[in-house]
Amino acid sequence: MTGSASVKVRIQGLSKTFQTNGNEIRVLDNIDLDVREGELVCILGPSGCGKSTLLNIVGGFLPASSGDVAIDGAPVREPDPRRIFVFQERGVFPWLTVEGNIGFGINGLSPAEKTERIAHYVRLVGLQGFENAYPQELSGGMKQRVEVARALAVNPDVLYLDEPFGALDSITRLVMRSELLRIWEAEKKTILFVTHDIEESCQIADRVVVLSARPGSIRRIVDVDLPHPRDLSSPRYLALRDSILAEIGLAHRI
Amino acid sequence: MTRPATTDDAPPPPTGPRALEAVLLPTLSAVVLIAIWQAAVVVTKTQIFPSPLAVVRGIAELSRKGVLGIYVRDSLFRVGAGYFLALLCGIPLGIALGWYSAAARAINPVIQFLRPISPLAWIPVAIVLFGVSNAAAIFLIFLASFFPIVVAAMNGVRNVPAMYLQAGRNFGLSTPALFSRVIFPAALPRVLTGLRVALGVAWIVVVAAEMIAVNSGLGYLVIDSRNAGKRYDLVVAAMLLIGVIGLALNTLVRQIERLRAVRWGFNAP
C-alpha cells in the first residue's frame with residue numbers, strides 16, 4: 001500500500017463460514033483490506049452482511065475459516081489489550097462506577113498514576129462530576145462515553161467500534177460522532193468502525209469500505225477526501241454520500 | 001438491563017408524604033386484623049382459641065420463664081448453621097455448574113430431581129442419620145437452602161452477558177481474574193435473590209424440623225404448647241414470633257440488595 005503512514009491492520013483473503021444445523025452459511029467472502037496507522041475506516045453494509053463478524057475476527061474473538069489478519073505484521077490469534085473492542089453502551093460494567101469502569105483495564109501503574117490517568121479520560125470524554133455515578137444513573141450517551149474512555153485508558157493502538165452509537169437517539173448520535181472525531185484527533189488511534197448508517201460513515205471516515213449482502217465481500221472502497229470539520233451540505237459530501245447510496249442500490253428519494 | 005426473576009419485587013422506598021403512608025397503611029391493616037381477631041373470639045365465645053391480649057400475656061409468660069430467648073436463639077442458630085453450610089457449598093458448586101456446561105449436563109438432572117422433594121420428606125432420613133439432635137435439624141436446613149442457592153448461582157453465571165466476558169478477555173484478564181472481576185459481580189444480583197429465597201425456605205423448614213427432630217426452638221414451642229395442656233395462647237404466640245423473625249430476616253437481606261454495586265440488578269434505572 002502506498003501512502004505516508006505504514007499499514008497497521010492487514011486483512012488477506014479472509015473468509016468465514018458458520019455451521020448451523022448441518023448447514024454451512026458463508027458470511028464473509030475473500031476480504032482483502034489494509035488499514036493504515038492512524039486511519040479511521042468505516043465498514044459499511046446492510047444488516048446481516050457479516051460486518052460485525054469481520055470485526056470480531058480482526059479483534060481475535062473469532063477464528064477465520066480461511067485467510068489471515070495481521071497487525072504490525074504479527075498474526076492475530078486472540079484478543080489483546082493493545083486493541084480494544086467497543087460495544088454499544090451495554091458493554092459498560094453495571095457493578096462499577098464511572099471511575100471503576102474507566103480504570104478497569106489499567107495495569108502496572110502506581111495508585112497515584114492510575115487516579116491521574118482515570119481523571120484524564122474522565123475529562124477527555126466530559127464526565128466530570130459523574131466519577132462516582134453508576135451506569136444505571138447515566139444516559140445512553142454517557143454510558144457510551146464511559147466505554148470509549150475505558151478503552152482509551154489502556155492506551156491501545158487500535159479501537160474496534162461495533163455500531164457504537166446505534167442505540168442512541170439521533171441528536172446524541174450526532175454529538176457522539178463529533179466527540180469521537182475530537183478524541184481521534186487528540187489520541188491518533190487507528191479506528192475500525194462498523195456501521196449500517198451511510199451518513200455516519202461519510203461524516204467520520206477517511207475511507208468507507210462498502211460490503212455486499214451476505215456473504216459479505218468488498219464491493220467498493222470510497223476515499224472520503226474531505227477535511228474535518230465536514231460541511232454536510234457541501235456538493236462534494238453529497239456526491240460521495242449519493243455514490244455510496246447508489247453502490248448499495250438504494251434510491252435516495254422517499 | 002436484564003432483571004433477575006424475583007417473586008415479590010418491593011416498590012422503591014418512597015419519600016415525603018408517601019413515606020408516612022408506607023408506615024400508616026400497614027399499621028392500619030394490622031389494627032384491623034387484630035380487631036377482627038378480637039371480635040371473632042368474642043362472638044364465637046371460643047374456649048380454645050386465645051384473644052390477642054391472651055397471646056401477649058403468653059409471650060410475657062414465656063419471657064418470664066426464660067425460654068423465649070433460648071428458643072429464638074436455638075432456632076436462629078440452626079438456621080444460621082445450615083444456611084451458612086449451604087452457602088459455602090452451594091455458591092462454588094453453582095458457579096462451577098454455570099461455567100462448565102459438561103458438568104451441568106451431568107449434575108443438573110440430579111439437582112432438578114432432588115429439588116422438588118420437600119425437605120420435610122427428609123425428616124425420617126435425618127433422624128436415622130443424626131438422631132434427634134441439632135445436627136438433624138441443621139441437615140434439613142442445609143437441604144432446604146442448598147438447592148435454591150445452587151440453582152441461582154448456576155443461572156447467574158449462565159446469564160452473564162457474553163459482552164462482559166468478551167470485554168474482560170479483551171483487557172487481558174486471566175481466567176481467575178475473569179471470575180473475580182467480571183463473572184462473580186455480574187452474577188451477584190441473581191445469587192442474592194437465591195440467597196433471599198433460600199433464607200425464607202430455611203426459616204419455614206426450621207419450624208417444621210423442630211416439631212419432630214429436636215426438643216427446643218420455636219417449632220418445638222408450637223407443638224409442645226399444644227401437647228402439654230393445649231396452651232393455644234402459647235401456640236399463637238410462637239406463630240407470631242416466627243412471622244416477625246421471618247419478616248426481619250427478609251428485610252435484612254433486602255438491605256444487601258440496596259447496595260449500589262448490586263442495585264443495578266434489582267431496580268430498573
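**Entry 1: ground rules**

Before looking at helix packing, I noted that axes are lines fitted to C-alpha atoms, for helices over the stretch in contact, with angles running from 0 to 180 degrees between N-to-C directions. Helices here are DSSP runs of H or I with at least four residues, and strands are E runs of at least two, numbered from the N terminus. The model is predicted, so I kept in mind that local features need pLDDT of at least 70 and side-chain atom pairs count only at pLDDT 80 or more, while totals for chains, interfaces and linings use all residues. Residues are numbered from 1 along each chain as its sequence is written, and chains are lettered from A and ligands numbered from 1 in the order in which they are written.

**Entry 2: H3 and H6 of chain B**

I looked up how helix H3 (residues 67–99) of chain B meets helix H6 (residues 134–158) of chain B: their axes come within 6 Å and cross at roughly 30 degrees. That makes H3(B) roughly parallel to H6(B) (angles under 35 degrees count as roughly parallel, over 145 as roughly antiparallel, 65 to 115 as roughly perpendicular and the rest as oblique). I sorted the residues of this contact into 24 nonpolar, eight polar and two charged. Ala, Val, Leu, Ile, Met, Phe, Trp, Tyr, Cys and Pro count as nonpolar, Asp, Glu, Lys and Arg as charged, and the others, Gly among them, as polar.

H6(B) has 25 residues and spans 36 Å from first C-alpha to last, close to the 36 Å expected at 1.5 Å a residue (the expected span is 1.5 Å times one less than the number of residues). I also checked burial: 21 of the 25 residues of H6(B) are buried, so this helix is largely enclosed by the rest of the structure. Buried means 20 or more other C-beta atoms within 10 Å of the residue's own, exposed 12 or fewer, and partly exposed in between, with C-beta atoms placed from the backbone.

I found B:Gly90 in helix H3 of chain B. With 26 C-beta neighbours inside 10 Å, B:Gly90 counts as buried. B:Arg57 sits in helix H2 (residues 52–65) of chain B and is partly exposed, with 15 other C-beta atoms within 10 Å. From B:Arg57 to B:Asp233 I noted 176 residues in sequence but 8.2 Å in space, C-alpha to C-alpha.

**Entry 3: over to chain A**

Helix H4 (residues 140–152) of chain A has 13 residues. Of these, 11 are buried, so H4(A) is largely enclosed by the rest of the structure. I listed the buried ones, including A:Met142, A:Lys143 and A:Leu152.
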